[in-house]
Amino acid sequence: MRTDARADQDPVELPTWLEPVREVARRARPGDFSRALPPDGGGRASAVLLLFGEGAHGPDILLIERAHTMRSHAGQPAFPGGAIDATDAGPVAAALRETVEETGLDAGGVTVFGTLPDLYLPPSGYLVTPVLGWWHAPSPVRVVDVAEVASVHRVPLETLVDPANRLSVRHPSGFVGPAFAVAGLVVWGFTGGVLDRLLALAGWERPWDAGRVEDLPTHLVELGARRTGATDDRRSS
């Protein structure tokens, strides 16, 4: 594994198509991704991995679907990741460790080329560092622990930017946010929001029907209602 978290110093070589994401890492501010700023005391430190590769259908990104039996965020598509342990060297190490644990990734095939601004998640109190990775030597990925992950997907960027797969979803709480209907999943919430902003800031976004607003599927609402607050679930998003 090679790391280059400081994207402005001695940058690692990336494929041309991925350079816009490195540029986003150089100039983005928290407000570019979220209106929720962290409190003075910060939040519970966590990290996720935005892992970009080149698959059979072109450039893609790695997503997981959380296990439906989890006590929080059950069934939600997400970037792999979780809380930063005391034994982790920092957010990069935590994001890679969690991804290995969840998908069986060989971290030796990943080059970390930057991070996005820390993002605060008010519902859980997590302060999430999105870590950017280039999958220069892809390895097989799979569900490692069915108690944590229901499925693992390499979603082509072409599928994400296809206007036919873009929509907004409405949660019964009144929350309305961007979503993607891809890989048989509805990607929404924190992950959908980060993808929405990243595609726009990288200049990849295509015009899509912002008036397409649909209710969040009932099964996702019901899975989300399982959240009990104090749980043993250490995931961040």
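Predicted model: local features only at pLDDT ≥ 70, side-chain atom pairs only at ≥ 80, totals over all residues.
## The nonpolar cores

Let's turn to the packing. The largest nonpolar core holds 38 residues, and Phe33, Leu50, Phe52, Phe79, Phe113 and Leu160 have the most contacts inside it. Helices H1 (19-27), H4 (157-161) and H5 (189-201) each give two or more residues to this core, as do strands S2 (44-55), S3 (58-66), S7 (119-121), S8 (126-135) and S11 (176-182). H5 provides the largest share, with six residues. Apart from this core lies another of 17 residues, including Leu49, Val110, Val112 and Trp135.

Leaving out residues up to four places away in sequence, Phe33 touches Val24, Ala28, Leu116, Pro117, Leu119, Val194, Arg197, Leu198 and Leu201.

Serine 151 sits in strand S9, which covers residues 149-156. Its relative accessibility is 14%, and because buried means under 20%, serine 151 counts as buried.

Two side-chain polar contacts are worth a look here. One, of 2.7 Å, joins serine 151 to glutamate 65; another, of 2.8 Å, joins serine 151 to histidine 153. Not counting residues up to four places away in sequence, serine 151 touches Leu63, Ile64, Glu65 and Val143.

Definitions and conventions:
Residues numbered from 1 in each chain as written. Heavy atoms only, no water. Core = buried A, V, L, I, M, F, W, Y, C linked by side-chain atoms within 4.5 Å. Buried < 20%, exposed > 50% of the residue type's maximum accessible area, 1.4 Å probe, protein only. Helix = DSSP H or I, 4+ residues; strand = E, 2+ residues; numbered from the N terminus. Contact = heavy atoms within 4.5 Å. Polar contact = N/O pair within 3.5 Å; in protein donor to acceptor, adjacent residues only side chain to side chain.
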